Amino acid sequence: MKVTMITTAITSELVHGTVELETTARGLRPHRLPASVRTRFPDPQLLMAESQPSGVRLAFSTTAEQLELVTHPTRVVYLGADRPRGHVDLMVDGELVHSDTLTGGSYTEVNMSTGASRQVEGPSHTSIFSGLPAGSKVVEIWLPHNESVELVELHSDAPVKPHHSGRPVWLHHGSSISHGSNAATPSGIWPAVAAQLGGVELFNLGLGGSAVVDPFTAQVMRDTPADIISVKLGINVVNLDSMRLRSFVPAVHGFLDTIREGHPETPLLLVSPIFCGIHEDTPGPGAFDPATFGADQVKFIATGSAEGVAAGQLTLRVIREALASLAERRSEDVNLHYLDGIALYGAGDAAAHPLPDALHPDSATHWLIGERFAQYAFAGEGPFGQVGKRAVV
């Protein structure tokens, strides 16, 4: 018997974790930064990162037992260093029931040795989810954290209704690690893991390569409704060698001041970098290690010199000390908290859970970091302990 499918228009009521939906020739492209930012500073790395819908999901209630989501992925492929394809995750009543690997789409192929690139166009992808539990349920479709997508069509064998959980909103900003780099699936990135354990709704402003204390990011956070906020800064500033200590500390003060303009009393957690051996005592810039091109795993290296620290260059060790001191100097803000990133992933963890590319955690380590963050932040005495809706184990 052929199943009759209903097509539901995808609107902002269905999509969570994004600031804008751009209308394209195919459908809608989710954005995590507004057009005002993208127009003023169209940096290619920033544009790629913000358009990858990390933490973005469709949420609805339905009795449907079959769903189909048509997307058109767009990605960058690096010859000799390509990463696995993105996934679309289906969660039913808070439990992951299926993870679908993307195929097709459009991509830019880049030769890392020569810099040459070419554009390749492919077909859209359809994620088919069948055999869903009967009866009414809440469905979340998590979009890929590592590929940009256009939302084309949503089909179901029963009507869908936008769902808003009413749970507290957690607004988080960080680097590619918060973005989810090296995690296999979008619901498995560490902020998503922590949000599930903490019983909150995630709004993820993890921006790969772009957590560099940009004023416009603070302004977006200032203007975004949130019940709890966290900011994880440091690694991108080091591996881009974008600041010296003299400019970094005042910039972070200004970043927090801007957030406070819109969220004067919201619980705010400042988090320093996790352990990363290549940058603990060696400044950036960071770079791909050319000796690993063509290998199974391309790795990163630090190209700076430890001697630069005396001149104000930043390492992760220097940044942790600076952020801890900064938090102490803002003691008048009783709702500001500080977490040393080493508590999430330290030198001891690097032996048991090494960073595969010397910079980003793998999927198992994303879970470890997410669990540790939740245990600290959402516990009864934690900075978010009075906000989360779910007990943290």
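**Strand pairing, cores and helix packing**

Trainee: How many bridges join strand S6 to strand S11, and do they run parallel or antiparallel?
Mentor: S6 (residues 66–79) and S11 (residues 125–130) run antiparallel, joined by six bridges. Leu67 stands opposite Phe129 in S11. Strands (E, at least two residues) and helices (H or I, at least four) are DSSP runs numbered from the N terminus, and two strands pair if DSSP finds at least two bridges between them.

Trainee: What sort of model is this?
Mentor: A predicted one, in which local features need pLDDT of at least 70 and side-chain atom pairs count only at pLDDT 80 or more, while totals for chains, interfaces and linings use all residues. Residues are numbered from 1 along each chain as its sequence is written, and side-chain values use heavy atoms, with hydrogens and water left out.

Trainee: Back to S6. Which residue stands opposite His72 in S13?
Mentor: Glu150. S6 and S13 (residues 148–156) run antiparallel and share eight bridges.

Trainee: And S9, parallel or antiparallel to S6?
Mentor: S9 (residues 106–111) pairs with S6 in the parallel sense, over six bridges. Thr74 stands opposite Ser106 there.

Trainee: New topic. What is the order of strands in the open sheet of five?
Mentor: S16-S15-S17-S18-S21, with parallel pairing. The twist averages 15 degrees from one strand to the next; axes are lines fitted to C-alpha atoms, for helices over the stretch in contact, and angles run from 0 to 180 degrees between N-to-C directions.

Trainee: How many residues of S16 are buried?
Mentor: Six of six, in a strand spanning residues 201–206. Buried means under 20% relative accessible area (1.4 Å probe, protein chains only), with exposed over 50% and partly exposed in between. Glu201, Phe203 and Leu205 point one way, and Leu202, Asn204 and Gly206 the other. In a regular strand the side chains alternate between the two faces of the sheet.

Trainee: What do the buried residues of H8 pack against?
Mentor: H6 (235–239), H7, S18 and S21. Those buried residues include Leu316, Arg320, Leu323 and Ala327. An α-helix has 3.6 residues a turn, so residues three or four places apart point the same way.

Trainee: Which residues have the most contacts inside the largest nonpolar core?
Mentor: Trp170, Val231, Phe248, Phe373 and Phe378, in a core of 67 residues. Apart from that core lies another, of 24 residues, among them Ile10, Leu58, Val92 and Ala158. A nonpolar core is a set of buried Ala, Val, Leu, Ile, Met, Phe, Trp, Tyr and Cys residues joined through side-chain atoms within 4.5 Å.

Note on methods
Contact means heavy atoms within 4.5 Å.
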